[in-house]
Every structure is written in structure tokens, then in C-alpha cells.
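These are my notebook entries on a structure I had not looked at before. I set down what I looked up, in the order in which I came to it.

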Amino acid sequence: MQLRTLLSGFLTSVLYPMWLVAGAGDYLCHRRTHIERTSGITESWLHVAQFASIAIIFVAAVLLEITLAVLIAMIVAVIAHTVLSFIDVSYTMRHRHISTLEQHVHGLLDVIPIVAVGLLAILYWEEVSLASGAPLRLKDEPLSRVQAGVLLASFGVLAGTPIFEEWFRTRRSGSMSA
């Protein structure tokens, strides 16, 4: 089996599910510590922003050819996610307890996107280093509609739903925390 196939499989069958499980764990930690009454909408907005930065990486990886421009956008998005994560934890520590479990979950949520983008850079190094063609274009060899649909739908449902449920719950509670 080719290394490219193994690394692609590792991305989709190991790292992505691990990230989803970590996200679910983080959501449960937030519910247990009553984010809607403690750190409030500010923390929830930070989670929405972090989700958006990961969405840029994820959607690009599923739909776009990995070109130099796309890889640079992914790197910028992963840096933005990391900075937002730092701001999030710095803010939240002043408003609610962050358990050891939640800290470890955050570690996974922070590191997995960095590893994933690094693996994409390795997988597409030759294409990226050639820097030819349109900077943004759909994949030359796209995933099947079913594969792309499952990945995008799972991201929206399994990662997005908890983020937006938390945001609506926190917004509805009226907790603004400062």
C-alpha cells in the first residue's frame, strides 16, 4: 500500500474521528460547568470563531486541490484557531473551572488541526512546490459525491450542532460575563 493512501486514511479514519470525539468531550465539559451561567456568550462566540477557522481547513481539504494558496490559507486558519484557543482559555479561566479532562481535550482539539495540515502539506508537497495552475480550484480528482457529502455533513452535524446549540443556549440565558 502506498504511503499516500496510508496517510490519507489516517487523516480521515483516525485523526478526524478523534477530533470529533474530543469536540464532543469538550461540549460535555461545557455543559457540566454550565457555560451559559459562568463564562457566557463571550466564550461561546470564541467557540464559533474557532469552529469557523477549522471549517475553512476542512472544507478546503474536502473540495479544493491543495495548492500553495490553499495550504497558506490552511496555515493561517490553523494559526487563527490556535490564537483563538489561547484567548478562549485565558478568558474562561477567570469565569469557570477548567477541569483536567477539559484541558486534555483542548490539547487534542489544538494539536489535531496542526498535525492534519502538516500531513496535507506532506501529501501534496510536490503539487504545492510546483505552484502551478489556478490558486483556488476544485480537486482534479474529487472525492465521490457520497464521500464528500458524508465528510461535510458529518462535520456540520457532529461538530457544528454542539457549537451552535451551546451558542443558542448561552445567548438565550442572557449571560454576558465580562
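**Entry 1: the end of a helix.** I began just after helix 1, where His 34 takes a positive phi of about 55°; helices here are DSSP runs of H or I with at least four residues, and strands are runs of E with at least two, numbered from the N terminus. I note that this is a predicted model, in which local features need pLDDT of at least 70 and side-chain atom pairs count only at pLDDT 80 or more, while totals for chains, interfaces and linings use all residues. Residues are numbered from 1 along each chain as its sequence is written, and side-chain values use heavy atoms, with hydrogens and water left out.

**Entry 2: the overall build.** I found six helices and zero strands in the protein, and reading along the sequence I wrote down the pattern α-α-α-α-α-α. The radius of gyration, taken over C-alpha atoms, is 17 Å, close to the 16 Å that the globule rule (2.2 Å times the number of residues to the power 0.38) gives for 178 residues, so the protein is as compact as a globular protein of that length. Along the principal axes, the C-alpha trace spans about 50 × 25 × 25 Å. I also looked up burial and found that 43% of the 178 residues count as buried, where buried means under 20% relative accessible area, exposed over 50% and partly exposed in between, with a 1.4 Å probe and protein chains only. Among contacts (heavy atoms within 4.5 Å) between residues at least 6 apart in sequence, 89% join residues at least 24 apart.

**Entry 3: helix 1.** I went back to helix 1, which has 30 residues and reaches 42 Å from its first C-alpha to its last, close to the 44 Å expected at 1.5 Å a residue; the expected span is 1.5 Å times one less than the number of residues. There is a kink of about 30° in helix 1, centred on Phe 10, the bend at a residue being the angle between axes fitted to the seven residues ending there and the seven starting there. The buried residues of helix 1 include Leu 7, Leu 11, Trp 19, Asp 26, Cys 29 and His 30, and what covers the buried residues of this helix includes helix 2, helix 4 and helix 6.

**Entry 4: the nonpolar core.** Which residues touch the most other members of the largest nonpolar core? Of its 39 residues, I listed Leu 11, Tyr 16, Trp 19, Ile 57, Ile 66, Met 74 and Phe 155; such a core is a set of buried Ala, Val, Leu, Ile, Met, Phe, Trp, Tyr and Cys residues joined through side-chain atoms within 4.5 Å. The elements that give two or more residues to this core are helix 1, helix 2, helix 3, helix 4 (100–123) and helix 6. I followed Ile 57 and, not counting residues up to four places away in sequence, found that Ile 57 touches Met 74, Ala 77, Val 78 and Val 117.

**Entry 5: salt bridges.** How many salt bridges does a search of the whole structure find? I noted seven, each being a side-chain nitrogen of Lys or Arg within 4 Å of a carboxyl oxygen of Asp or Glu. Arg 4 and Glu 127 meet in one of them, at 3.2 Å from N to O. Arg 4 lies in helix 1 (residues 3–32) and Glu 127 in helix 5 (residues 125–130), so this pair ties together parts that are 123 residues apart in sequence. Arg 4 counts as partly exposed at 35% relative accessibility, and Glu 127 is partly exposed at 31%.

I then turned to Arg 31 and Glu 165, whose side chains also meet at 3.2 Å, N to O; Arg 31 is in helix 1 and Glu 165 in helix 6 (residues 145–173), 134 residues apart. For Arg 169 and Glu 36 the N to O value is 2.4 Å, and this pair links helix 6 with the loop between helix 1 and helix 2 (40–63), 133 residues apart. Both Arg 169 and Glu 36 are buried. Salt bridges that share partners join Arg 31, Glu 36, Glu 165 and Arg 169 into one network.

Entry 6: Are Glu 102 and Thr 92 buried or exposed? Glu 102, which lies in helix 4, is buried with a relative accessible area of 0%, and leaving aside neighbours within four places in sequence, Glu 102 is in contact with Asp 26, Cys 29, His 30, Arg 96 and His 97. Thr 92, in helix 3 (residues 68–92), counts as buried at 1% relative accessibility.
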